[in-house]
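Hello,

Here is the structure I said I would pass on. My notes on it follow below.

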There are 2 protein chains.
Amino acid sequence: MPASNEEVISRIEAASSSYSSTFDKGHLALPPAKKYLVLTCMDARIDPARAFGIELGDAHVIRNAGASARDALRSIIISQQLLATEAIVIVKHTGCGMLTFKNEDAYNVVETNLGVEAKKELEERKLDFLPFPELKQAIQEDVEFLRGTKLVKDEVPIRGWVYEVETGKTVRVV
Amino acid sequence: MPASNEEVISRIEAASSSYSSTFDKGHLALPPAKKYLVLTCMDARIDPARAFGIELGDAHVIRNAGASARDALRSIIISQQLLATEAIVIVKHTGCGMLTFKNEDAYNVVETNLGVEAKKELEERKLDFLPFPELKQAIQEDVEFLRGTKLVKDEVPIRGWVYEVETGKTVRVV
C-alpha cells in the first residue's frame, strides 16, 4: 500500500527522533575515512550499508537508476578530486528495471502519462535514460567508460559486482 | 586510514556472506512498495535507511553530490513514470561539500590533479558541478526546478529536509 504524504513525513520524523537519540557519530569528518566510493542502483531492494558492509563515514554512496557511471560522472569527479577517494566499486543488481525498456519506450510512457509537452522537454534536454539489455555487459561498459575518460586517474582501482536481490548476496564480476 | 583495494573487496565479501545468511526479503517486488523516492547526498556520513526510516523495498533512494534534483532528473523520471512512485523527498545536509567550492574551483582542481586534457574534457562535456552557497536556498531551488519541469506531475508532493550530520536529526524545511 502506498504511503500517504503525511505517512512519509511521520516516518522520517519518527526515524529522526529514534536515530538521533543514540547518535554518537557527530565527530565524523567530511572526506570518507576509507577513501572509496560505491556506485549502486536506486532500487528499493538495496541497503548498501548493510549489504556491502559500509560503516558510517567510510565511503561515498552514489545511487541512480541502474548504477550508471555516465550519469554519476559529476559525483565521481567531486568524490575523487575534491574529497580524495581512491577506489571505485560499481554494484548493479539482478532484476534491474533498466533491463526492461528502451529509451524509445520511456519516451512513449512520458508522452502517455505527462503529455506531448513533456515529451518535447525530454527531446530538448536530449535525455538518455541509459537502459541496458544485459547486466554483466553493462558493468563492463561502465568500467570501460571510466577507464576511457581523462576525468578518472588511470591507476584508480575499479571493481564491478552484482547484488542478487533474490539472495542478498553480492558477487564480484570485475 | 584508507582501505586498500583488497580490504574493500574483503569487506564486501564479508558483508555479503553475513547479510545473505539471514536474508529473507527475496520476494520483494521491483516497484517500491510505499511509492516514494528519497533524493539525498552521497556524503559518507548519511545512512538513509536508518536516519530516514526507509524499510527495504519501500522507496527508491537516489544519491549524488549535494542531492541535486537537476542531476537526478533521469532517475526521478524513471522512478515516477516507469515504477509508479508518487512523492519526492529531498534531504540535503549540514556540512555539505557542495557549500565549499564554485565550478571554477573544481575546474582548477581537475587541471591541477589530472592535467590540461582532463580540464578540456570537462569543458567539452560542459560539466556543471552544481555547487550551492546556501543550504535551505538550494533545497528551495531544487523544489522549484521540479515544480517547473513538465517531467514531474504538478500534484506530486515534494518535501525538503535537512539532515544534521552533527546530531543525526532530520528536520523539515519545505
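A salt bridge here is a side-chain nitrogen of Lys or Arg within 4 Å of a carboxyl oxygen of Asp or Glu. By that rule, six salt bridges cross the interface of chain B and chain A. One of them pairs Arg11(A) with Asp58(B), whose closest N and O atoms are 3.3 Å apart.

This is a predicted model: local features need pLDDT of at least 70, side-chain atom pairs count only at pLDDT 80 or more, and totals for chains, interfaces and linings use all residues. Residues are numbered from 1 along each chain as its sequence is written, chains are lettered from A and ligands numbered from 1 in the order in which they are written, and side-chain values use heavy atoms, with hydrogens and water left out.

Chain B brings 93 residues to the contact and chain A brings 93 residues, where contact means heavy atoms within 4.5 Å. The buried area between them is about 8,100 Å², with 64% from carbon and sulfur atoms; buried area is the accessible area (1.4 Å probe) that two parts lose on being put together, summed over both. Of the area that chain B buries against chain A, 10% comes from Tyr19(B), Met42(B) and Arg74(B), more than from any other three residues.

Regards
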